[in-house]
Amino acid sequence: MIIVRLGWRNLWRNSRRSLITIAGIAFAFAFTIAFIGLGRGLVVQLLKNGTELMVGHVQIHDRDYLPDRDLYETIGNQEGCDWKQLIAGLKRRQTVVAVAPRVFGFGLVSTGEQSAGAQMIGVDPTAEGDLSRLVDRDMLARLKPGSVLIGSTLALELGAAEGSEIAAVTQAADGTLGNDLFRVAGIVRTGLSYLDRSVAFMHIDDLQRLLALEPSRIHEIAVKVRDPLTAPDASREISRMNGLPEGVSVQSWRQLLPQLNDYLGLAGGANAFIIGLVVVFVSFGILNTMMMATFERIREIGMLNAFGMRPGLVLLTFLFEAFFLALLGLAIGFGLGALIMRYLSLYGLDLTRWTGQLSMLQTRVDPILNAVWNWKAVVAAGISLWVATIIAAYLPARKAVRVDPVEALRAPVMQ
Amino acid sequence: MRIWRLSILLILLGIVTGPLFPQTSQQRAKEIIDRVDRMLRGDSSVGRVEMTVATRQWKRTTELRIWSEGTDKVLVRIEAPKKDQGTSTLRVGDNIWNYLPKIDRVIRVPTSMMMASWMGSHFTNDDLVQESRLARDYDITIEFEGARNGVEVYEFLLMPRPQAPVVWGKIVYQIRKSDLMPVWARFYGEDGELKRRATFSDYQTMDGRLVPALMRMTPQDKPGEYTEMKYRELEFDVKISESIFSLKSLRGS
């Protein structure tokens with residue numbers, strides 16, 4: 001116990017130096033916390049945007065549907081499946097929040113003289129509103145049978161406005177030219193230019209009829225789960241579910257959005273690298289402090305040795321000094337970091353000054369970045385800093401306690 | 001829509017005297033193709049065609065009526081089956097319009113959809129307008145002259161001119177020497193891989209002229225799929241009223 005007290009007291013023998021070191025550790029830790037928080041914030045945001053915009057967290061397709069989106073490769077193949085029952089089954093699962101069926105087609109939309117190619121997406125407006133944020137719920141609610149929502153750039157190209165009548169023409173599954181008239185119920189701005197240029201949302205029944213697909217045939221079921229980070233597990237569970245038609249493939253966003261997955265891995269790596277760098281810098285600062293503290297006390301170490309105090313115990317006093325140094329630094333740093341995090345999670349970091357409207361990896365990125373606590377990384381960074389401090393103290397102290405008492409007592413007295 | 005004719009016409013129209021190629025070869029190619037064209041094409045024609053499209057999922061036959069005049073006016077109207085009856089396509093110059101009777105709308109095909117399928121067949125909208133463009137966009141030379149499988153033939157090579165906005169990397173076209181009947185045409189992509197082939201057969205005399213009554217287009221990347229155009233009737237140099245190639249007549253009125 002006396003050793004612990006000695007360590008604590010030693011800390012305050014040169015209080016200014018100790019405080020500066022403590023401040024250094026505190027700032028380093030606070031910065032690390034904020035940095036980790038922003039990193040996680042970006043991950044969460046990219047993940048939300050990447051998945052909740054349209055993709056969802058898990059998708060079910062026929063095995064051969066992606067990547068070509070062949071019209072004929074519907075879930076359950078030529079016969080299709082009882083997808084309404086399948087969706088009901090998915091919804092009963094604990095982890096599942098929303099489920100939406102989709103049909104895709106490519107074709108021509110036209111107001112007469114003005115025509116353009118379009119990606120037609122047949123949706124169930126209510127289910128789609130629960131799952132994706134690409135088009136807001138009120139807009140989707142306008143999507144009655146016989147109507148269509150078109151992208152803003154596409155609308156401009158066609159000269160179509162709300163209420164305009166447009167013709168949709170496509171190659172139907174039976175070889176005929178599927179064609180029908182639709183009323184434009186709304187113009188959608190998704191924030192993704194490639195969609196604004198080409199998308200036409202229709203009621204799922206309408207698009208099935210246009211494509212001459214039987215009502216049992218759909219191309220995709222998108223699933224939203226409670227926690228996107230656990231989507232791979234959810235996807236595995238769903239793929240083992242009873243009543244799944246033959247030949248389907250169940251994939252999570254990790255397979256569906258490989259660039260996003262890669263980016264998240266990359267971001268994690270960069271995070272760890274920066275934290276490592278901070279730890280190294282802080283360690284050198286502490287190494288310097290502890291070296292000073294050790295060598296100015298070389299006389300008293302020699303004295304203690306001469307009295308017969310075991311070198312191990314002397315070493316321990318230094319270690320405790322470093323322990324308290326780190327403890328204070330980390331505690332203050334945590335407090336500071338928590339304040340910064342509070343600010344960043346409430347108000348966020350406004351990136352508009354640098355970026356303007358931001359879109360990355362084909363998803364929309366909110367230019368205001370909100371920090372999110374990543375406890376695991378914060379604790380890891382704290383422990384790394386702590387361990388680094390103690391190691392930085394151990395190295396000079398180990399050398400000092402082995403000093404020959406006679407030589408030590410001859411050393412000049414330092415203030 | 002008669003692709004065999006399209007190709008030939010295009011070729012022949014080419015006042016193609018590219019300075020890089022020997023005059024004689026170019027001139028001979030032009031001369032031969034001119035003659036082929038004169039045989040296969042009158043100033044105008046009216047025909048009845050049975051078009052069969054086979055894909056992995058379905059196979060259907062439609063009956064078409066085709067009017068054409070010169071090299072840049074074509075009207076195609078589906079006469080059967082009932083479901084498609086009245087669906088029509090008009091091509092004038094580089095423009096294509098489709099008429100869809102079910103919704104009673106005329107739709108102009110945008111440039112971005114030129115490579116899309118025409119009426120579900122293995123022809124693209126672009127094939128319709130190529131007739132007038134090939135001669136403009138390709139240099140034509142005789143690549144081979146001699147016997148293939150015991151038949152004396154010419155093989156013409158069509159290479160896109162620099163900067164020509166073309167779809168094909170090259171086209172090779174075989175014509176029988178004896179009667180100047182087309183045998184096949186092969187269409188290659190930009191990297192030189194074979195994309196599709198057209199084969200001509202069933203040579204018959206129609207309205208006093210020998211023509212290949214059957215043409216089959218086979219895409220290379222979809223095994224088992226093809227589109228066949230079979231001429232049932234064909235009349236040459238018929239007097240066609242100008243008004244036939246108008247949006248009004250496209251609507252069938």
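The legends below describe close-up views of a predicted model.

**View 1. The contact between chain B and chain A.** Chain A contributes 22 residues to this contact, and chain B contributes 20 residues. Putting the chains together buries about 1,700 Å². Carbon and sulfur atoms give 57% of that area.

View 2. Three salt bridges are found between chain B and chain A. One of the pairs joined in this way is Lys102(B) with Asp180(A), where the N to O distance is 3.7 Å.

**View 3. The side of chain B that touches chain A.** Two or more residues of this side come from each of strand E5 (95-100) and strand E6 (105-108) of chain B. The largest share belongs to E6(B), which gives four residues. Sorted by class, this side of chain B holds six charged, five polar and nine nonpolar residues.

**View 4. The largest pocket.** This pocket holds about 1,400 Å³ of space. Its lining is made of 46 residues, and those closest to the centre are Gln171(A), Met115(B), Ala116(B), Ser117(B) and Lys222(B).

**View 5. Strands in the lining of the largest pocket.** From chain A, strand E2 (96-110) and strand E5 (165-171) each give two or more residues to the lining. E2(A) gives the most, with five residues. The lining as a whole has 11 charged, 15 polar and 20 nonpolar residues.

Definitions and conventions. Residues are numbered from 1 along each chain as its sequence is written. Chains are lettered from A and ligands numbered from 1 in the order in which they are written. This is a predicted model: local features need pLDDT of at least 70, side-chain atom pairs count only at pLDDT 80 or more; totals for chains, interfaces and linings use all residues. Side-chain values use heavy atoms; hydrogens and water are left out. Contact means heavy atoms within 4.5 Å. Buried area is the accessible area (1.4 Å probe) that two parts lose on being put together, summed over both. A salt bridge is a side-chain nitrogen of Lys or Arg within 4 Å of a carboxyl oxygen of Asp or Glu. Ala, Val, Leu, Ile, Met, Phe, Trp, Tyr, Cys and Pro count as nonpolar, Asp, Glu, Lys and Arg as charged, and the others, Gly among them, as polar. On a 1 Å grid over the protein atoms alone, a cavity is a set of points where a 1.4 Å probe fits but cannot get out, and a pocket is an open set with protein on both sides within 12 Å along at least five of seven lines; lining residues have an atom within 4 Å of a point. Grid points are joined across faces, edges and corners, and a volume is the space filled by probe spheres set on the points.
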